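Okay, thanks for coming, everyone. Let me put this one up on the screen and walk you through a couple of spots.

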Amino acid sequence: MKALIFGCGSIGAHLSNACVACGVDVLICDISEAAINRFKKDLYPSRYGEMPANIKIVTTKDAREFARSCELILIGTPPDARMKVLRELDCNNNQVILLEKPIVAPGPDLKELKSLVNKNQNTIFVSGYDHVVSPSFLRFQEIIRDLKTANQISQILVNFRESWAGILNAHNWLHGPEDSYLGYSLRGGGALCEHSHGLNAGLIIANLLDNDFINAKAAYSCKRSDSKSPYDCDLFSSVYMKTKEVSLRVEQDVLTSPARKFIRVEQESTTVEWICNNVESKDQIVISKDGRIEIEEFPKTRADDFKYEIEHLKNLLGGKIKAEDSNIEIKKAILTSQIINESLKME
Ligand SMILES: NC(=O)c1ccc[n+]([C@@H]2O[C@H](COP(=O)([O-])OP(=O)(O)OC[C@H]3O[C@@H](n4cnc5c(N)ncnc54)[C@H](O)[C@@H]3O)[C@@H](O)[C@H]2O)c1
């Protein structure tokens with residue numbers, strides 16, 4: 001199996017390593033010569049050691065041709081460059097095309113993406129919201145599914161908070177958020193877009209608890225960078241949505257250190273909490289029921305997050321997982337981007 005990856009940046013390195021670990025050969029390209037050199041000499045080796053022979057750098061010009069023979073196409077460019085790449089590709093039947101998160105920059109790209117997805121029904125489009133295919137999240141989802149009972153009121157609180165410092169650790173060539181899309185909400189950066197793993201996962205859980213949740217309207221508030229800042233984005237974002245049975249509050253920021261990422265579901269005497277990286281290299285689920293506490297632990301490394309994702313893509317291709325059953329099926333991420341657009345008043 002072969003993967004073609006667009007973007008030799010931070011996610012390009014994670015995905016290449018995961019592909020190779022899962023037996024998938026990699027072709028990778030970038031429009032920037034500097035990014036290609038950094039990838040080969042610094043980024044990949046500093047994270048994963050010597051670059052294996054089955055990762056090959058190709059030109060963006062050749063990439064379009066190679067795309068026809070690759071089963072996996074992984075678009076790891078900045079959000080505002082995603083549609084440009086997709087537009088220039090021929091989408092093949094029985095090919096998986098993954099769009100990193102957020103799947104597009106806020107604004108009109110979403111409409112174009114929806115129409116492209118509709119036109120190519122035999123291509124499997126997925127998002128890069130990798131946390132929702134991790135074993136810990138799938139187990140959390142199973143527990144929540146069992147919790148679903150008629151007329152129960154559920155409150156969901158999502159926190160996905162990590163400071164610029166945490167994010168920039170993975171981009172040591174940047175001076176600050178202003179040097180990339182990260183510092184600009186309208187390019188797909190800022191708290192709402194960069195940490196949209198939280199909103200996306202919260203929506204999956206809310207839709208599981210209430211089939212009507214898809215119709216809930218969003219209220220949004222944020223704290224923006226001030227006029228003296230070298231960048232222009234939301235630093236803290238809060239999205240609130242509610243139906244008769246379920247309320248969802250999602251708080252994301254680029255300020256909190258150490259990072260704090262969790263989803264808590266509360267119902268009368270039961271609380272179930274999924275905690276991402278609660279302890280170094282461990283996700284946890286904490287269930288508190290009638291005063292008793294149970295903890296389930298899921299050891300993992302950062303590299304594992306992406307191996308779970310690539311295995312998931314192989315299972316989608318092989319038919320072991322149906323697209324409509326997958327948490328990263330593009331329609332779920334489209335819903336997330338719709339809420340992002342609505343929040344930023346882009347629709
Ligand atoms: N799923 C995750 O946990 C996760 C982790 C990291 C990043 N990401 C996402 O991945 C995307 C990229 O992030 P990053 O940190 O790798 O950014 P980055 O800036 O490190 O790398 C992006 C690279 O894409 C290249 N690029 C731009 N246009 C291109 C094109 N048309 N063709 C080929 N290459 C092109 C840029 O030159 C750059 O080198 C973002 O949307 C980010 O949110 C997701």
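So, start at the ligand: 28 residues sit around it, and G7, G9, S10, A35 and E100 come nearest (near means a C-beta atom, placed from the backbone, within 6 Å). The largest share, three residues, is from α1. Helices here are DSSP runs of H or I with at least four residues, strands are E runs of at least two, and both are numbered from the N terminus.

Before I go on, this is a predicted model: local features need pLDDT of at least 70, side-chain atom pairs count only at pLDDT 80 or more, and totals for chains, interfaces and linings use all residues. Residues are numbered from 1 along each chain as its sequence is written.

And where does the ligand lie? Domain 1 (2–127) and domain 2 (131–300) both give residues to the shell, so the ligand lies between them; those bounds come from an automatic or database domain assignment.

Now, the sheet. It's open, with eight strands in the order β8-β9-β10-β7-β11-β12-β13-β14 and mixed pairing, where a pair needs at least two DSSP bridges. At the edges you've got β8 (218–224) and β14 (292–299), each with a single partner strand, so one side of each has no neighbour in the sheet.

Look at β11 (residues 260–267) and β12 (residues 270–279): they run antiparallel, joined by six bridges. In there, V265 stands opposite V272 in β12.
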